Amino acid sequence: MIFQGAADAGKTALKNECMEAVRQHSTPQEPWIPVPIKPDAQNSALSTIKAMMEATKRELGRLGRELPDYETSRLQNHKVTD
């Protein structure tokens, strides 16, 4: 999704709501990963990929903290490396 609009139109609030909805649906079996990408990063495929990788690492970490120990071992199969 791309959020575009006038100043103070609520773009950031809408983005934050969408990202929270994605996080609430994310599970190790079906991870949903919101990735905020700044407009200037969209000019570079490498910058976009790095942002996606970092967001994936953060989400796997978050899921790992919220799950019982026996569930966290399943996350090891989904790890993203640099």
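Biologist: How many salt bridges does the structure hold?

Modeller: It holds three salt bridges, a salt bridge being a side-chain nitrogen of Lys or Arg within 4 Å of a carboxyl oxygen of Asp or Glu. Keep in mind that this is a predicted model, where local features need pLDDT of at least 70, side-chain atom pairs count only at pLDDT 80 or more, and totals for chains, interfaces and linings use all residues. Residues are numbered from 1 along each chain as its sequence is written, and side-chain values use heavy atoms, with hydrogens and water left out.

Biologist: What is pLDDT, and where in the chain is confidence lowest and highest?

Modeller: pLDDT is the predictor's confidence in each residue, from 0 to 100. The protein chain averages 77, and 80% of the residues score at least 70. Helix H3 (residues 69–75) has the lowest confidence, with a mean of 55, while H1 has the highest, at 87.

Biologist: What does the secondary structure come to?

Modeller: Helices (H or I, at least four residues) and strands (E, at least two) are DSSP runs, numbered from the N terminus. Here you get three helices and zero strands, so the pattern along the sequence reads α-α-α.

Biologist: Back to the salt bridges: which residue pairs with glutamate 20?

Modeller: Glutamate 20 pairs with arginine 23, and their closest N and O atoms are 3.8 Å apart. Both sit in helix H1 (residues 11–25), three residues apart, about one turn of the helix.

Biologist: And which residue pairs with glutamate 54?

Modeller: That's lysine 57, with the closest N and O atoms 3.7 Å apart. Both residues lie in helix H2 (residues 45–66), again three residues apart and about one turn of the helix.

Biologist: How do I read buried or exposed for these residues?

Modeller: Go by relative accessible area: buried means under 20%, exposed over 50%, and partly exposed in between (1.4 Å probe, protein chains only). Glutamate 20 is partly exposed at 36%, and arginine 23 is partly exposed at 28%.

Biologist: Is glutamate 59 buried or exposed?

Modeller: Glutamate 59 is buried, with a relative accessible area of 4%. Glutamate 59 forms a salt bridge with arginine 62, the closest N and O atoms being 2.8 Å apart. Arginine 62 is buried too, at 17%.

Biologist: What else does arginine 62 touch?

Modeller: Contact means heavy atoms within 4.5 Å. Not counting residues up to four places away in sequence, arginine 62 touches Arg23 and Ser26.

Biologist: Where is valine 22, and what does valine 22 touch?

Modeller: Valine 22 is in helix H1 and counts as partly exposed, at 21% relative accessibility. Leaving out residues up to four places away in sequence, valine 22 touches Trp32, Ile33 and Pro34. Valine 22 and isoleucine 33 are eleven residues apart in sequence and 6.8 Å apart in space, C-alpha to C-alpha.

Biologist: What do the totals for the whole chain look like?

Modeller: Of the 82 residues, 20% count as buried. Among contacts with a separation of 6 or more, 36% come from residues 24 or more positions apart. The accessible surface, from the Shrake-Rupley method with a 1.4 Å probe where, for residues, only the protein chains shown count as cover, comes to about 6300 Å², and 54% of that belongs to carbon and sulfur atoms.
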